[in-house]
Amino acid sequence: MKIVVIGGTGLIGSKLVDILRQRGHEAVAASPASGVNTVTGEGLAAALAGADVVVDVANSPSFEDRAVLEFFEASGRNLLAAEASAGVKHHVALSVVGTDRLSESGYFRGKIAQEKLIRAAAIPYTIVRSTQFFEFLGGIVHSSADGDVVRLSPAFVQPIGSDDVALAMADYTLAEPIGGIVEIAGPERVRLPELVRRYMAAVQDRREVVADPQARYFGARLEDDTLVPGPGPRLGTVDFETWLARSKSSK
């Protein structure tokens, strides 16, 4: 099959393209760097010509509320319209576990809009909601820092490694469209402050981590289970220690 991966040069996209090629498919990495811009529509028709499946793993370059919403709305509309014209048979999108519970956050309002566009389109689809990537822990620390203190909700998380995400995306891409949402997560459920303490110790960040029920996660207040999957998710095999060892080895 010809499979176009939107955001195919990023963390997940590049791994996904490699897996799909190893499995014998024509995987095309599409991004602004390759002349394909889903926000403006530039290069979309040419990139999607003859495509059987499109996988959208692109992310907004800005986390500012309005910019995120405009990115996902414009990108979603243009991409789905181009897919319809090209006769694409399956649209696969990477989203986030808990998206519909995080509408206080501008970023997640953008993801909600993206998912709504996918469901409303005529193209058969699969939405893969993933828990937070281990690779995103540094961003969580940065967004939650207040001087020498990092304030975090004591909510549960179940983070996943990018290798496990890419494998799951490959499997769902090559399967029949689900016409709904599937969830993927890591093997370990832990409270967010505990995980961040382990991460910060590993990177020798000596700031204090404080569990604060009022602390917000990218603008949204969390309940215990906001960021964890419901029953029956697909679980990855890479835990925090394994991911950390691989990260240190790769550096």
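On a 1 Å grid over the protein atoms alone, a cavity is a set of points where a 1.4 Å probe fits but cannot get out, and a pocket is an open set with protein on both sides within 12 Å along at least five of seven lines; lining residues have an atom within 4 Å of a point. Grid points are joined across faces, edges and corners, and a volume is the space filled by probe spheres set on the points.

This is a predicted model, in which local features need pLDDT of at least 70 and side-chain atom pairs count only at pLDDT 80 or more, while totals for chains, interfaces and linings use all residues. Residues are numbered from 1 along each chain as its sequence is written, and side-chain values use heavy atoms, with hydrogens and water left out.

**Stop 1: the second largest cavity**

Select D56, G76, L80, H91, Q114, L117 and I118, which line the second largest cavity. The space inside is about 30 Å³. Helices (H or I, at least four residues) and strands (E, at least two) are DSSP runs, numbered from the N terminus. Helices α3 and α4 each give at least two residues to this lining, and α4 has the largest share, with 3 residues. By class the lining has 3 nonpolar, 3 polar and 1 charged residues; Ala, Val, Leu, Ile, Met, Phe, Trp, Tyr, Cys and Pro count as nonpolar, Asp, Glu, Lys and Arg as charged, and the others, Gly among them, as polar.

**Stop 2**

Go to S75 in helix α3 (residues 65-86). S75 has a relative accessibility of 3% and therefore counts as buried (buried means under 20% relative accessible area, exposed over 50%, partly exposed in between, with a 1.4 Å probe and protein chains only). Leaving out residues up to four places away in sequence, S75 touches T38 and V39, where contact means heavy atoms within 4.5 Å.

Next select V54, in strand β3 (residues 53-56). V54 is buried, at 0% relative accessible area. Beyond four places in sequence, the contacts of V54 include V4, I6, L48, L79 and E83. V92 is also in contact with V54; the two are 38 residues apart in sequence, and their C-alpha atoms are 6.2 Å apart.

**Stop 3: strands β4 and β5**

Show β5, residues 125-130, where 6 of 6 residues are buried. Y125, I127 and R129 lie on one side, and T126, V128 and S130 on the other. β5 runs parallel to β4, and 6 bridges join the two; two strands pair if DSSP finds at least two bridges between them. To find one of these bridges, select S95 and its partner R129 in β5.

**Stop 4: the largest pocket**

The largest pocket has a volume of about 750 Å³. Which residues are the closest to its centre? Of the 34 lining residues, they are V57, A58, N59, Y107 and F133. The elements α1 (11-22), β4 (90-96) and α4 (106-120) give two or more residues to the lining. In total, 20 nonpolar, 12 polar and 2 charged residues line the pocket.

**Stop 5: the largest cavity**

The search of the whole structure finds 2 cavities of 30 Å³ or more, and the largest holds about 40 Å³ of space. Select Q132, F133, L137, I140, V157, P159, L192 and L195 to see its lining.

**Stop 6**

Display the open sheet of 3 strands in the order β6-β7-β11, with mixed pairing. β6 (145-146) and β11 (208-211) are the edge strands; each has a single partner, so one side of each is without a neighbour in the sheet. β6 and β7 (residues 149-152) run antiparallel and are joined by 2 bridges, one of which pairs A145 with V150.

α5 (residues 137-144) lies across β6 and β7, at about 105° to β7, and α7 (residues 192-202) lies across β7 and β11, at about 175° to β11. Axes are lines fitted to C-alpha atoms, for helices over the stretch in contact, and angles run from 0 to 180 degrees between N-to-C directions.

**Stop 7: two residues with positive phi**

Select Q204 in the loop between α7 and β11. Q204 is not glycine, yet its phi is positive, near 60°. Its relative accessible area is 59%, so Q204 is exposed.

End at F218, in the loop between β12 (216-217) and β13 (220-221). The phi of F218 is near 50°, again a positive value in a residue other than glycine. Is F218 buried, exposed or partly exposed? Its relative accessibility is 24%, so F218 counts as partly exposed.
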